[in-house]
Amino acid sequence: MIVRDIESVKTVEWGNGLSRRFLLAQDGLGYSLTDTTVLAGTKSRLEYVNHLEACYCIGGSGEVIELDGTSHEIVPGRMYALDQHDAHYLVASPHEDLRLVCVFSPALRGDEVHSLDAHSSSAY
């Protein structure tokens with residue numbers, strides 16, 4: 001059994017916030033579990049070419065925007081999944097941080113960070 005507290009897990013500054021990485025590849029479960037904070041007012045162009053990701057909002061607000069411009073509001077209690085390695089923008093509202101619980105498959109190593117650039121997607 002694995003039991004971990006937020007104070008003791010690996011915390012990574014991923015580019016526009018923090019990712020607290022509860023489960024990693026070394027744990028042998030085949031997926032990762034993170035508690036991710038997206039800083040208020042930030043916009044990140046992302047694409048996970050090596051992972052599928054599902055995110056569940058537990059705090060704050062924002063939106064996930066597909067590259068064709070389709071926008072999906074993100075509020076507590078809403079989940080979105082990037083089931084096609086979808087390139088997207090993740091935007092936190094200007095007045096509050098966005099907090100997400102995320103599952104990655106396959107699992108993250110734990111040291112991944114984004115290289116954020118408005119013209120290309122950051123990927124890992």
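Analyst: A polar contact is a pair of N or O atoms within 3.5 Å, where, within protein, one must be able to donate a hydrogen and the other to accept it, and residues adjacent in sequence count only if both atoms are side-chain atoms. The model is predicted, so local features need pLDDT of at least 70 and side-chain atom pairs pLDDT 80 or more, while totals for chains, interfaces and linings use all residues. Residues are numbered from 1 along each chain as its sequence is written, and side-chain values use heavy atoms, leaving out hydrogens and water.

The part to look at is D68, in the loop between β6 (62-66) and β7 (71-74), where strands are DSSP runs of E of at least two residues, numbered from the N terminus. The side chain of D68 makes a polar contact of 2.8 Å with that of T70. D68 counts as exposed because its relative accessibility is 61% (exposed is over 50%, buried under 20%, partly exposed in between, with a 1.4 Å probe and protein chains only). Its C-alpha atom is 9.9 Å from that of A87, 19 residues away along the chain.

Elsewhere, the structure has one aromatic pair, and the rings of Y48 and F104 are edge-to-face because their centres are 5.2 Å apart and their planes stand at 80 degrees (Phe, Tyr or Trp rings, the six-membered one for Trp, pair with centres within 6.5 Å; under 30 degrees is stacked, over 60 edge-to-face, the rest tilted).

Definitions and conventions. Helix = DSSP H or I, 4+ residues; strand = E, 2+ residues; numbered from the N terminus.
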